[in-house]
Amino acid sequence: MLRLPQFGAASTGTFVFGIAFAIMLLLSNVLWCQEIWQWSALRTGVAMVPGPALVPVVTLLTARTAQHLGHGPLVTTGGLLFATGMLWRTCFASLEADYWLDLLPSQVLGGVGVGLTLGTWSPLVSDPCPATVRPPDQPWSTPVRQISATVGVALLVAIAGTHVGPAQPQDFRTAWLVAAALSLAAAVVGVRITPTATRTREAAALAPSPVPLTEPR
């Protein structure tokens, strides 16, 4: 399966971006708000709403666009937007809570980026797989994303340690930069996958139509 160009590239992109997404979700939206800004769990949860709320909206709005332009441009754009969100936090994050300047813009950029990226990777991972190796109703992107989330959390712990607090803002910035770099790598995969997906569509369009079988008279 890894010899299939589209499957291998899409699985790599999903894995790399999934690590960046796990770092952002746990570090930016939970640990920073609760441990640095000292927000309650409820306030942190409400502050997290804009990003996840944008994901299904963006995915639905861009589904038809992917059919016309291909999946590669959407993945590349999403990776760049997500990386921009991480760089925004690196530049504007402050020990003093400033939701409107710090967290909200990053949430919007990240939500749009995730909607363009993760929702687009799934068909790219599953479509090329033969039906004999694809579990029913279970896209291959799901286990790839689950493994990448585990790696992302482990990488975050390796960077920030098991205890975080206001004395460690540089560790957070390092993790954001790592997430931005991983997201840019996923965007590069999107650039590389564009010609592969285009050749696949062209081959499907040029393939001869099956001749219908007729019943003997």
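Where does pLDDT stay under 50? Select residues 196–207: pLDDT stays under 50 along that stretch, pLDDT being the predictor's confidence in each residue, from 0 to 100. For these residues the model has six contacts beyond four places in sequence, a contact meaning heavy atoms within 4.5 Å. Where pLDDT is low, the predicted coordinates should not be read in detail. Zoom out and the protein averages a pLDDT of 80, with 76% of the residues scoring at least 70.

Some ground rules: this is a predicted model, where local features need pLDDT of at least 70 and side-chain atom pairs count only at pLDDT 80 or more, while totals for chains, interfaces and linings use all residues. Residues are numbered from 1 along each chain as its sequence is written, and side-chain values use heavy atoms, leaving out hydrogens and water.

Next, the rings. Select W32, W37, W39, Y99, W100, F172 and W176, a cluster linked by ring pairs. Rings of Phe, Tyr and Trp (its six-membered ring) pair if their centres lie within 6.5 Å; planes under 30 degrees apart are stacked, over 60 edge-to-face and the rest tilted. The structure holds nine aromatic pairs. One of them is Y99 with W100, edge-to-face at 5.4 Å centre to centre and 80 degrees between the planes. Y99 is buried at 17% relative accessibility, whereas W100 is exposed at 67%; buried means under 20% relative accessible area, exposed over 50%, partly exposed in between (1.4 Å probe, protein chains only).

Last stop: L54, partly exposed at 25% relative accessibility. Beyond four places in sequence, L54 contacts V108, G111 and V112. L54 and V108 sit 54 residues apart in sequence, yet 7.4 Å apart C-alpha to C-alpha.
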